[in-house]
Amino acid sequence: AIMNMQPDITAFESQFNGAFPFASDGIIIGTPNASFDEEMEGMIAFAGGVIDTDTLYHENMHQWWGDNVTEDDYHMTFFKEGLATLAEFFYHARLAEDAAGGPSSPQGQAAFEASLVSQFNTTYRSSGSFWTTAPSNPEPFTLFSGSNTYDRPGAAYVALRQILGPVNFNQALQQLQRTYGG
């Protein structure tokens, strides 16, 4: 049933990023227990026979950020993993929005924004080693294993969205897709 959500998720994420950049958008769920889920241009592969909604939002966002617009060095994960994590934040904000009356109601829109602020605040309050590693240059063996690759950049994009405003933020994402896509 989660697989059937992909067209809706793609349409939802298109409102931020612009039109879907590829001719197809699919999912493969493999039964072997590989080490991680992964996206490629036009296809997302889930391992171990399991798929979850947060990861689908995350991996689907990589179609724009990581596949259509990509980094030239694997150390530069801030933009692609941060924006894919932002998609997870958007998913939870969407749930809050729907519970408060939907995207066309002022209450729903306020709940969407409040959810993003709450998610930022939760991340910002993180302690311990969370703030000690530069998120744009982690060690290769920890590149995709820590919150500094995902949560810190995701929270930074929430902050940038607050600074620019939702409309300007979306326009900036769409301009980056038009300029650097492919």
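**Salt bridges in a predicted model**

Author: In this predicted model, a salt bridge joins the side chains of Arg 94 and Asp 8, with N and O 2.9 Å apart.

Reader: Which parts of the chain does the pair of Arg 94 and Asp 8 link?

Author: Arg 94 belongs to helix α3 (residues 78–99) and Asp 8 to helix α1 (residues 6–17). The two residues are 86 residues apart, and the pair links distant parts of the chain.

Reader: How many salt bridges does the rule give?

Author: The general idea is a cut-off: a side-chain nitrogen of Lys or Arg within 4 Å of a carboxyl oxygen of Asp or Glu. By this rule, the count is 3 salt bridges.

Reader: What does Arg 161 form with Glu 113?

Author: Arg 161 and Glu 113 form a salt bridge, and their closest N and O atoms are 2.7 Å apart. Arg 161 is in helix α5 (residues 147–164) and Glu 113 is in helix α4 (residues 106–124), so the pair ties together parts 48 residues apart in sequence. Arg 161 is buried, at 4% relative accessible area, whereas Glu 113 is partly exposed at 24%.

Reader: Where do Glu 81 and Lys 80 stand, buried or exposed?

Author: Both Glu 81 and Lys 80 are buried. Their side chains meet in a salt bridge, at 4.0 Å from N to O.

Methods:
Residues are numbered from 1 along each chain as its sequence is written. This is a predicted model: local features need pLDDT of at least 70, side-chain atom pairs count only at pLDDT 80 or more; totals for chains, interfaces and linings use all residues. Side-chain values use heavy atoms; hydrogens and water are left out. Helices (H or I, at least four residues) and strands (E, at least two) are DSSP runs, numbered from the N terminus. Buried means under 20% relative accessible area, exposed over 50%, partly exposed in between (1.4 Å probe, protein chains only).
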